[in-house]
Each structure stands twice: as C-alpha cells, then as structure tokens.
Amino acid sequence: SLQLTWDQIARLSPIKLSRKPCAALTLAVGGDESEEFLRQMNDYASHVNAGTITVAGANHLTALGPYNDPKSALYKVLTRAR
C-alpha cells in the first residue's frame, strides 16, 4: 500500500494539475470497474477534454489487453484505424 496522506493525495491528483495534455487523449477503462472508479475517470476525461472507451469484461489491470487485436475497438481507437 502507498500509505499516502490525504494532503499528498490531493496534491498529486492528476485532476489538480494545471497543465492539460497537448495532444488528443483517449482514456480506456474496464467495464467491470467500480462506480467510483468510473466516476473518477469520467471526471478526469471531462477535465482534460479526452475521449473514453470502455472495455467490456475488463478492469484496470486488464483493460489494455485487446490493444493488439486489430478487430477490437480499443485497437482501432489507439491506431485511428476506423
């Protein structure tokens, strides 16, 4: 466990950073994540004006699994091969 204090968490949170990405950003999230995890991802996506993609049946450890499958939506988004 990281054992961060609430102050450290607030200070290090990506949503608190003043700099936003300078390139197009797409966030991938697993469909099996908790409501709180999904809420935080959506808040961050709104904050940085990012697109999102949900990977069904996945969580934050497995959501990027289909990135190398040319038939997957994630692959198409990441390679812009639509």
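Leu-2, Leu-4, Trp-6, Ile-9 and Leu-12 make a nonpolar surface patch of about 620 Å². Patch members have over 30% relative accessible area and no salt bridge, with nonpolar side chains (Val, Leu, Ile, Met, Phe, Trp, Tyr) joined within 5 Å; a salt bridge is a Lys or Arg side-chain nitrogen within 4 Å of a carboxyl oxygen of Asp or Glu. Areas follow the Shrake-Rupley method with a 1.4 Å probe, and for residues only the protein chains shown count as cover. This is a predicted model, in which local features need pLDDT of at least 70, side-chain atom pairs count only at pLDDT 80 or more, and totals for chains, interfaces and linings use all residues. Residues are numbered from 1 along each chain as its sequence is written, and side-chain values use heavy atoms, without hydrogens and water.

Leu-2 lies in the segment before α1 (6–12), helices being DSSP runs of H or I with at least four residues and strands runs of E with at least two. Leu-2 is exposed at 72% relative accessible area, where exposed means over 50%. Gln-3 also lies in the segment before α1. Gln-3 has a positive phi of about 55° although it is not a glycine, and its relative accessibility of 69% counts as exposed.

Most residues other than glycine have a negative phi. Asn-49, in the loop between α2 and β2 (51–55), has a positive phi near 55°. Asn-49 is exposed, with a relative accessible area of 70%.

How values were computed. Patch = residues over 30% accessible without salt bridge, like charges linked within 9 Å, V, L, I, M, F, W, Y side chains within 5 Å. Buried < 20%, exposed > 50% of the residue type's maximum accessible area, 1.4 Å probe, protein only.
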